[in-house]
2 protein chains.
Amino acid sequence: MTRQAISSYKQELLDTARTLRQQIRAGEFTSTTSGLASGLMQGNIVILTADWAQDFLHFCQLNPVSCPLIAMSRPGEPLLPELGKDIDIRSDVPEYNLFVDGELTQTRTDIADLWNDQMVTFVLGCSFSFEEALQRAGLAIRNIDLGRNVSMYDSSLATTPSSRFHGNTVVTMRPFSPADAIRAIQVTTRLPKAHGAPVHIGRPDLIGIDDLATPQYGDSVPVHDDEIPVFWACGVTPQVAIRNAKPPICITHVPGKMLVTDKLNDELAIL
Amino acid sequence: MTRQAISSYKQELLDTARTLRQQIRAGEFTSTTSGLASGLMQGNIVILTADWAQDFLHFCQLNPVSCPLIAMSRPGEPLLPELGKDIDIRSDVPEYNLFVDGELTQTRTDIADLWNDQMVTFVLGCSFSFEEALQRAGLAIRNIDLGRNVSMYDSSLATTPSSRFHGNTVVTMRPFSPADAIRAIQVTTRLPKAHGAPVHIGRPDLIGIDDLATPQYGDSVPVHDDEIPVFWACGVTPQVAIRNAKPPICITHVPGKMLVTDKLNDELAIL
């Protein structure tokens with residue numbers, strides 16, 4: 001690409017992201033952000049009050065593969081200028097889940113009326129970023145090709161607990177030929193802020209998964225006879241830890257309906 | 001390590017290598033070089049006459065994963081100063097195989113009487129280098145721990161032919177837990193001159209291997225119930241291509257009995 005083409009590529013993405021966030025802010029877009037503004041990093045969202053935030057921050061630091069922290073706000077600050085200058089976390093996620101004492105009580109498109117000066121926002125990296133990198137490397141992502149959500153499973157891989165936050169790792173699964181699985185490991189190793197390399201490969205039984213056809217979250221995706229399943233840590237892991245910790249209030253995104261940022265995936269890649 | 005410790009680490013390795021080559025040159029050492037001068041690159045050797053060398057060079061260029069070329073001499077030149085200033089390829093390999101018309105006819109410890117001004121030496125990278133890197137990364141290599149040669153198999157993965165040189169890829173197999181297999185892929189990706197990343201993982205049947213317990217070359221190495229087999233391209237691949245090409249004369253090392261160079265493995269690593 002010429003310098004001009006690169007600059008126009010990024011500007012086009014930023015324009016797409018800004019337009020999308022405006023629609024989301026206006027309540028006009030409430031669907032999954034999968035495949036939208038592809039090339040820009042999307043984020044998992046966790047909002048807690050300050051008295052719970054330090055424990056959760058420590059949980060993220062102890063479990064950087066499932067909880068790769070890309071931003072954290074000061075208490076009460078709804079803007080995230082480091083991820084996009086117009087981002088307001090109270091309105092810029094297509095749909096929010098409200099957890100009260102660890103239980104999902106409500107889904108909504110705006111949280112302005114819940115916001116207060118104690119609220120701390122965490123933005124965690126998302127596998128949508130590495131799916132884009134895999135596709136650019138020429139690999140086919142089965143769930144995308146089938147128009148389905150990725151398969152997610154409760155694994156037996158324990159997270160490292162921090163105070164009240166604990167639980168097992170939730171993993172996503174994508175099937176690949178063995179040669180493509182090796183390439184997928186190389187490509188995703190570059191993206192530690194989007195869960196990085198897989199945590200497991202080839203043998204679901206060894207991480208407590210009895211039946212690939214019945215994921216606990218998302219959709220079922222077929223694994224062909226000449227393929228092996230490849231497992232990555234998933235951003236749903238913190239939601240399990242939150243259910244276990246039972247904070248009085250916690251707000252997250254609805255899985256698949258992410259915050260679209262202005263950061264290029266490649267800006268957060270290593271190597 | 002301090003600068004002094006690093007310098008003394010390298011000097012100690014070079015002294016070990018020089019002493020070993022002196023013993024080999026004197027015919028006092030004819031065993032495998034596995035685990036010796038660990039940290040220095042060892043090489044597979046192929047010696048052909050100049051009229052066959054161009055085809056073989058092209059074969060290496062077309063198949064860089066199984067045949068990673070690290071040095072090539074001019075015709076008739078027995079020294080390889082770029083790999084070690086005292087190396088004389090006519091005497092510095094513990095044991096040589098002599099192939100006549102593609103058939104193994106003789107094993108010997110010196111080839112001075114076979115040398116002539118048409119001889120061209122190829123040095124190809126060797127998996128001993130990545131085994132050292134895997135061990136430094138904390139991974140256990142089963143065949144080393146058991147004191148056995150690595151298991152090698154004729155796979156169904158075709159090489160890209162060049163004129164008379166053709167054949168399938170020979171692969172080595174090392175068993176790992178899924179998590180260690182992922183780490184092994186990352187570590188060996190850094191070493192393309194030592195076969196690099198694996199070519200296959202987890203499903204021997206997909207590359208024409210019916211029984212892991214009966215390798216075509218080397219020793220059998222057990223795969224535990226909670227492990228998956230990981231396959232790398234192997235430096236025996238060119239020997240298969242040479243058997244198929246049937247050059248009037250070809251000299252190789254005896255598998256496992258390699259040329260020990262003065263190059264640090266890390267000097268040939270990428271990243």
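Biologist: What should I know before we start?

Modeller: This is a predicted model, where local features need pLDDT of at least 70, side-chain atom pairs count only at pLDDT 80 or more, and totals for chains, interfaces and linings use all residues. Residues are numbered from 1 along each chain as its sequence is written, chains are lettered from A and ligands numbered from 1 in the order in which they are written, and side-chain values use heavy atoms, with hydrogens and water left out.

Biologist: How many residues does the contact take from each chain?

Modeller: It takes 18 residues from chain B and 18 residues from chain A, with contact meaning heavy atoms within 4.5 Å.

Biologist: And how much area do they bury between them?

Modeller: About 1400 Å², 74% of it on carbon and sulfur atoms. Buried area here is the accessible area (1.4 Å probe) that two parts lose on being put together, summed over both. B:Pro178, B:Ile182 and B:Ile201 supply 32% of what chain B buries against chain A, more than any other three residues.

Biologist: How many salt bridges are there across that interface?

Modeller: The rule finds 0 between chain B and chain A; it asks for a side-chain nitrogen of Lys or Arg within 4 Å of a carboxyl oxygen of Asp or Glu.

Biologist: Switching to the inside, which residues have the most contacts in the largest nonpolar core?

Modeller: That core has 76 residues, and A:Leu134, A:Phe176, A:Ile201, B:Leu134, B:Phe176 and B:Ile201 have the most contacts inside it. A nonpolar core is a set of buried Ala, Val, Leu, Ile, Met, Phe, Trp, Tyr and Cys residues joined through side-chain atoms within 4.5 Å. Leaving out residues up to four places away in sequence, B:Phe176 touches several residues, including B:Leu134, B:Ile141, B:Val230 and B:Trp232.

Biologist: Why is helix H3 of chain A largely enclosed?

Modeller: Because 8 of its 10 residues (127-136) are buried. Buried means under 20% relative accessible area, exposed over 50% and partly exposed in between (1.4 Å probe, protein chains only). Helices (H or I, at least four residues) and strands (E, at least two) are DSSP runs, numbered from the N terminus. Among the buried ones are A:Phe128, A:Glu131 and A:Leu134, and the buried residues of H3(A) pack against elements including helix H1 (3-25) and strand E7 (168-176) of chain A.

Biologist: Last one: where is A:Asp101?

Modeller: In the loop between strand E3 (96-100) and strand E4 (103-108) of chain A. A:Asp101 has a positive phi of about 55° although it is not a glycine, and it is partly exposed at 44% relative accessibility.
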